[in-house]
Amino acid sequence: MLDDTVRETVLGTWAGGSSKAFRHSTIPAMFHAQAAHTPHAVAVTYEGTSLTYAELEACANQVAHLLIERGARPERFVAVSLPPSLALIVALLGVLKTGAAYIPVDPDRRTDQADRMVENGTPVLTLDASVLEAAIDRPATSPKVWIDPRNPAYVVYTSDSKGVVVPHENVIRLLKATEPWFAFNPEDVWTLFHSTELDFSVWELWGSLLYGGCLVIVPHSTSRDPRELLDLLVREEVTVLNQTPPDFYRLMDADDGRDLALRYVIVSGEGLEPGRLRDWYARGRDTALVNMYGLAETTVHVSYLALDEAHRPAGAGSAIGTGIPDLRVYVLDDRLQPVPPGVAGELYVGGAGLARGYLDRPGPSAERFVADPYGAPGARMYRSGDLVRWRPDGSLEHLGRR
């Protein structure tokens, strides 16, 4: 029931996807270039210990040489089972330097389900502390491995145990496509707040390390105590903080007015209640607050909304803004037809951020990653299962799950 003008708007201007994806590099190649550019800058720190970019590069190279000896290579998978630590970052980068993809497993939360997930990923080995120790006598030079940007970089598992396979090029284009909004740079100090089992950590890890920033690993106990987290933000002069809304609400409650270096607080993972932000603004904080909606299957983030003190909820749902420029976002009915502004429909996402699919799960992959009838020939779109609607200004409002 759409006239041509409205149909053209929702499938054209509002759907987005106008910018070209950046697909010409890999995570280890970009890190290598950054390490050559700022070798003595601190790359990562944890509880008073740190590694420079040159040290992290050398340690990861040693790990990579050992993993290659043990069968790691492009299109293979390596499970990484290490607690939050400098060693964890060395291990993840070391896996990527072999061309293999990492499957993160939190050793403090090992369960039968986690073990099954690792087994389903058929890793060539599990990288733990003992493997790292064996890498000490390996060369510190970069291994000679050709990695295609389309090779998998990591696998994260959904709540229903489906492994989402994400290539290098997806991570690179996520960072490049959002550069105009954030302008991340070597002066930034990030936190690794989230478990590497969660896709939010991908944004934290490589948003920091591929731009020359400093990554502060948050101890698990600190991540659960907002007052300790506030102390860490002040002590480390953190400039980029990523939070789920509930975590950020707790941090706001603990805020005691001390000076913070924060440039950005980026919230994602759950619906945001803008009314809960009044206390933050009342303290005169000039930190930019950004709400980003995302899915593991579309590489962490899908949409962007800059918040300000005047922002108020305009409906029953949570405002999630507009799509990242190299993605296409559709609001469709059960027949895959676009719905008018203001009408609830299911969110479908197309474009450069789509994962390969689910690891060794062709049935669910075919069910959720479907042909895009409004894209170029061969284009796919992801069926999110989330209900949204267009607002009059062309932004999206999230209404919950189907």
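Helices (H or I, at least four residues) and strands (E, at least two) are here DSSP runs, numbered from the N terminus. The model is predicted: local features need pLDDT of at least 70, side-chain atom pairs count only at pLDDT 80 or more, and totals for chains, interfaces and linings use all residues. Residues are numbered from 1 along each chain as its sequence is written, and side-chain values use heavy atoms, with hydrogens and water left out.

A cavity is a set of points, on a 1 Å grid over the protein atoms alone, where a 1.4 Å probe fits but cannot get out. The structure holds one cavity of 30 Å³ or more. The volume of the largest cavity is about 50 Å³, taken as the space filled by probe spheres set on grid points that are joined across faces, edges and corners.

Lining residues have an atom within 4 Å of a point; for the largest cavity they include Phe193, Arg224, Gln243 and Leu251. Helix 10 (226-236) and helix 11 (245-254) are the elements that give two or more residues to this lining, and helix 11 supplies the largest share, three residues. By class, four lining residues are nonpolar, two polar and four charged.

The cysteines form a separate topic. A disulfide is a pair of cysteine sulfur atoms within 2.5 Å, and the whole structure contains zero disulfides. The sulfur of Cys59 has its closest cysteine sulfur in Cys214, 16 Å away, and therefore too far for a bond. Cys59 is partly exposed, at 27% relative accessible area, whereas Cys214 counts as buried at 15%. Buried means under 20% relative accessible area, exposed over 50%, and partly exposed in between (1.4 Å probe, protein chains only).

Methods:
On a 1 Å grid over the protein atoms alone, a cavity is a set of points where a 1.4 Å probe fits but cannot get out, and a pocket is an open set with protein on both sides within 12 Å along at least five of seven lines; lining residues have an atom within 4 Å of a point. Ala, Val, Leu, Ile, Met, Phe, Trp, Tyr, Cys and Pro count as nonpolar, Asp, Glu, Lys and Arg as charged, and the others, Gly among them, as polar.
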